[in-house]
Amino acid sequence: PLEKRSVVCTKCPSHTTSPPSSAGIEVCRALPGYYGRDGHAAKACKKNNYKKVIGDYPCRKCPDRTVGKLSGADRLTDCLAEPGWTGPDGYGPFVPCRRGYYKPKPGSHACTRCPHGSLTRRVASVHITECIPGPGHTSSSSNTIIPCPPNTFKPDPGSHACTP
């Protein structure tokens with residue numbers, strides 16, 4: 001009679017996978033978001049990098065003007081427009097926030113308009129503190145943007161006072 005043998009499958013090293021009915025460790029390959037030699041434990045792609053395929057391939061750097069949201073990223077869409085810029089996750093095109101707008105967090109969301117009467121000195125601003133009083137406006141003692149009082153003016157941007 002035939003003897004029954006029990007076969008025990010061995011688990012692949014960490015963050016690797018193999019097809020069904022694999023016969024050896026050398027077919028264990030790095031998962032998407034991870035890199036490493038076949039048959040060895042894989043390491044997570046570093047932040048600002050991604051890898052979308054299985055196997056012994058390098059992680060790719062996120063495109064210019066993007067930041068990776070996490071390590072172990074497995075999709076190009078894990079690369080988000082950097083603060084001060086906007087565009088579709090991963091693919092772009094990425095455009096800077098216009099003067100008078102800012103965007104503090106990464107992602108595809110729109111830039112936020114500065115408060116009424118204020119603008120920014122540059123494009124790609126990242127924080128509301130970059131919004132300064134525009135022409136015809138100044139700052140109050142509480143740093144609120146206010147219009148110049150009657151019979152005064154201010155032709156250029158900045159926090160300086162309006163003149164009679």
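Which residues does A73 touch, not counting residues up to four places away in sequence? With contact taken as heavy atoms within 4.5 Å, A73 touches G33, C45, N49, Y50, K51 and D78. The model described here is a predicted one, in which local features need pLDDT of at least 70 and side-chain atom pairs count only at pLDDT 80 or more, while totals for chains, interfaces and linings use all residues. Residues are numbered from 1 along each chain as its sequence is written, and side-chain values use heavy atoms, with hydrogens and water left out.

## The nonpolar core

A73 also belongs to the largest nonpolar core, which has 5 residues in all, the others being Y50, C62, L76 and C79. A nonpolar core is here a set of buried Ala, Val, Leu, Ile, Met, Phe, Trp, Tyr and Cys residues joined through side-chain atoms within 4.5 Å. Buried stands for under 20% relative accessible area, exposed for over 50%, and partly exposed for what lies in between, with a 1.4 Å probe and protein chains only.

## The disulfides

A disulfide is a pair of cysteine sulfur atoms within 2.5 Å, and by this rule the count comes to 6 disulfides. When the bonded cysteines of the protein are numbered in sequence order, the pairing reads 1-2, 3-4, 5-6, 7-8, 9-10, 11-12.

| Disulfide | S to S distance | Torsion about the S-S bond |
|---|---|---|
| C12 and C28 | 2.1 Å | about -70° |
| C114 and C131 | 2.0 Å | -70° |

The disulfide of C12 and C28 is left-handed because the torsion about its S-S bond is about -70°. This pair links distant parts of the chain, 16 residues apart, with C12 in the segment before β1 (16-17) and C28 in the loop between β1 and β2 (29-30). Strands (E, at least two residues) and helices (H or I, at least four residues) are DSSP runs, numbered from the N terminus. C12 counts as buried because its relative accessibility is 16%, and C28 counts as buried at 5%.

C62 is buried, with a relative accessible area of 5%, and C79 is buried with a relative accessible area of 0%.

The link of C114 and C131 is left-handed, with -70° about the S-S bond. Its ends lie in distant parts of the chain, 17 residues apart, with C114 in the loop between β12 (112-113) and β13 (118-119) and C131 in the loop between β13 and β14 (132-133). C114 counts as buried at 4% relative accessibility, and C131 counts as buried at 11%.

C9 provides a contrast to these pairs: its sulfur is 10.0 Å from the closest cysteine sulfur, in C12, and is therefore too far for a bond. C9 is exposed, with a relative accessible area of 71%.

## The largest pocket

On a 1 Å grid over the protein atoms alone, a pocket is an open set of points where a 1.4 Å probe fits, with protein on both sides within 12 Å along at least five of seven lines, and lining residues have an atom within 4 Å of a point. About 260 Å³ of space lies in this pocket, a volume being the space filled by probe spheres set on the grid points, which are joined across faces, edges and corners. By class, the lining has 9 nonpolar, 5 polar and 1 charged residues.

## Backbone features

Most residues other than glycine have a negative phi, and most peptide bonds are trans. In this model, a cis peptide bond joins G92 and P93, with omega of about 5°, and P93 is placed in the loop between β9 (85-86) and β10 (95-96).

A124, a residue other than glycine, has a positive phi near 65°. A124 is found in the loop between β13 and β14 and counts as buried at 11% relative accessibility. N143 also has a positive phi, of about 65°, although it is not a glycine. N143 lies in the loop between β15 (137-139) and β16 (145-147) and is exposed, with a relative accessible area of 65%.

Key
Ala, Val, Leu, Ile, Met, Phe, Trp, Tyr, Cys and Pro count as nonpolar, Asp, Glu, Lys and Arg as charged, and the others, Gly among them, as polar.
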